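Please read the following tutorial dialogue alongside the structure.

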Amino acid sequence: MKMAYRLFWALLSVLGAVALAHVAGLVNPHEKVNGLWLVVAAACIYVLAYRFYGCWLARRVVQLDDARLTPAVRLNDGVNFHPTNRVVLFGHHFAAIAGAGPLLGPVLAAQFGFLPGFLWLVIGAVLAGAVQDFIILVASMRRNGRSLPEIAHDELGSITGTATAVAVLFIVVVALAGLGFAVVNALYHNAWGTFTIAMTIPIGFIMGFYLQKFRPGAVAEVSVIGVVLLVAAVLFGRVVGQSSLAWLFEFDKPALVWLLAGYGFLASVLPGWMLLVPRGYLSTFMKLGVVFLLGFGVILMAPTIEMPRVTAFANGGGPIIPGTLFPFLFITIACGAVSGFHSLVSSGTTPKMIEQESQAVVGYAAMLLESFVGVMALIAASVLIPGDYLAINTMLSVETLTAMGFAPSRITELSQLVEVNVAGRPGGAVSLAVGMASIFSALPGMAGLMAYWYQFALVFEALFILTTIDTGTRVARYLIQEMAGRICAPFRQMNWWPGVLLSSAFVVGSWAYLIGTGSISTIWPMFGAANQLLGTLALCIGTTVLIKMWKSPYLWVTAVPMLFVGGITLAGSYEMFWMFLAKAMTLAAGQAFALYLDAVLVAVVAMLGLIVLSDSMKQWYGYVILKRPFSSSEVIATAGGGSAGHVRPAIHRHDERVFKLPPGGGCC
């Protein structure tokens, strides 16, 4: 059995290596790549990474121990802290981290070619993104489920703690702008799609009231109701779009921005059970179902990748994302490889639901699955003819694209097949939907249904995005109330209506303004830079946690990706700052204001990164080199002993190898 076990992993490694060689062009370099090779290579690498690197991190680095009581067990209140089945836990964590970033980022990054994006998605997730999610999840789990800003404040002091809080607020606002921009470009003058997305709001209300008021606990019933109504909305949407009522759902971009802002405000102030939770639950079915269906379609149809491995835009001058491949590829893909936003989930609900410490490996596994979503999105975009891909994602004319060497060939035919003019709809959502519809409609028995698959794909993406918008707006509202509460005490009461309304209005107004005044070339790189900044902060905090766990020999697992991601963020911020200023100087004063504001926001990102890194490295030097004593907010409680409850005992360094608990502080 042991020999067979080793043979299996050896064969899997060989299969992954062969597939990766085809993807990279080491085998048949002059032939187009089959999309199936990308799926095989990614799947093999993810399985090997989880089995060996992920398990090594769990066993040797953080030393997960089921004898230690988790907060879900010690602080079980049936509301926020509650032990959860490991399968349900994985589903919750994946649904929480898998927003629209891994769908849109890889699609936009396809401008540079499919190979750089594929390599960063896979390698970045294995060595950086999954490590960040896992380490922060363990750190929070061993600190009574405390949030990332609280951990930063406790372990690194007020400077890094404050910078982390500001960074969290910044990334949420810019992320909502980037994702909202994609929705607006997908739905303007699209009555079918707008009707279908609009119907998800009353469907969410029906599900919420049904489960809360009419049939509490009837999860299976409400699931069937939600899925049936959603499919009906997609099918009936075509009837509405071709009827005399179509004008009611055909909006221009400014109107859609206002409507989106109204939805975000509504979802952030209403009780969670009424709209936010049921829509999020409904989106989980779509997320998992469509991703696996897309994977099945790629395996069955084995589509050819039309996008070159690397395009001429790798040297800069791209029409979608400005700048060169480094650093803009890395901050464009963002979520699919490493996402600071995930650290908010890993220090949010998930650590409060883990029944046994060994279940914390969901933090590593879920990130690998999200990266696979990014690979599937990259494939869906790359099966399009490069000229058609650029025609969808830019506002450039056919003549201009042809002069650049990327002549559109099927853009008119694609528009006819999906019954919507898809040209000039940047943001990534439309090109992804067209690519997905092309794959789905090629399945047996699906010919002639491309228009339905296109709208279904848009609903799939919009549910991802709107779930992020309503949840993100609420999270940002909490942050505003917490910060404002230091000046005006009533703001700290999360149910104080003046504070709720003012905070929500500020958040919604901020991201709506960025959508209305920006473009995908400005908003998405800003989002990527902000997200990578938060990833840098999370890896920085993870490095500090490892030091205080006496794991200095393993600091490279967080420090190396932290330095790489931090360097990307600073380099990208520097280039964007001067790019925005140069462009602003060519415009009139009224038009230039938005770009000057973007430049200031980018500068703030860079300054926060430098402050956090410099302050943290100064403390690390003292702890590791100068052997200064330190304290930790980690809670120690094991089966058979008393519970530490809400007490957070500080563990002080006593000598080179021994810990000593202060008198009266917890138990072990």
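Q: Is Glu 419 buried, partly exposed or exposed?
A: Buried means under 20% relative accessible area, exposed over 50%, and partly exposed in between, with a 1.4 Å probe and protein chains only. Glu 419 has a relative accessible area of 35%, so this residue is partly exposed. The model is a predicted one, in which local features need pLDDT of at least 70 and side-chain atom pairs count only at pLDDT 80 or more, while totals for chains, interfaces and linings use all residues. Residues are numbered from 1 along each chain as its sequence is written, and side-chain values use heavy atoms, with hydrogens and water left out.

Q: Where is Glu 419 found, and what is its phi?
A: Glu 419 is found in the loop between α18 and α19; helices (H or I, at least four residues) and strands (E, at least two) are DSSP runs, numbered from the N terminus. The phi of Glu 419 is positive, about 65°, although the residue is not a glycine. Trp 550 also has a positive phi, of about 60°, and is not a glycine. Trp 550 is found in the loop between α22 and α23 (556-584) and, at 28% relative accessibility, counts as partly exposed.

Q: With which side chain does Glu 419 meet in a salt bridge?
A: A salt bridge is a side-chain nitrogen of Lys or Arg within 4 Å of a carboxyl oxygen of Asp or Glu. Here the partner of Glu 419 is Arg 238, at 2.5 Å from N to O. The pair links distant parts of the chain, 181 residues apart, with Arg 238 in helix α10 (residues 219-241) and Glu 419 in the loop between α18 (411-418) and α19 (429-441). Arg 238 is partly exposed, with a relative accessible area of 25%.

Q: How many salt bridges are there by this rule?
A: The count comes to nine. One of them joins Arg 68 and Glu 357, whose closest N and O atoms are 3.6 Å apart. Arg 68 lies in the loop between α2 (35-61) and α3 (71-74), and Glu 357 in the loop between α14 (340-346) and α15 (362-382), so the pair ties together parts that are 289 residues apart in sequence. Arg 68 is buried at 16% relative accessible area, and Glu 357 is buried at 2%. Arg 68 and Glu 357 are linked with Arg 142 and Glu 634 in a network of salt bridges.

Q: How is the packing of two helices described?
A: Two packed helices are described by the angle between their axes and the distance between the axes. Axes are lines fitted to C-alpha atoms, for helices over the stretch in contact (heavy atoms within 4.5 Å), and angles run from 0 to 180 degrees between N-to-C directions. For α8 and helix α21 (residues 497-517), the axes come within 8 Å and cross at roughly 50°. That makes α8 oblique to α21, given that angles under 35 degrees count as roughly parallel, over 145 as roughly antiparallel, 65 to 115 as roughly perpendicular and the rest as oblique. Among the residues that make this contact are Val 173 and Phe 181 of α8 and Trp 511 of α21.

Q: At what angle do α7 and α8 pack?
A: α7 and helix α8 (residues 158-187) pack at about 165°, with their axes 7 Å apart. That makes α7 roughly antiparallel to α8.
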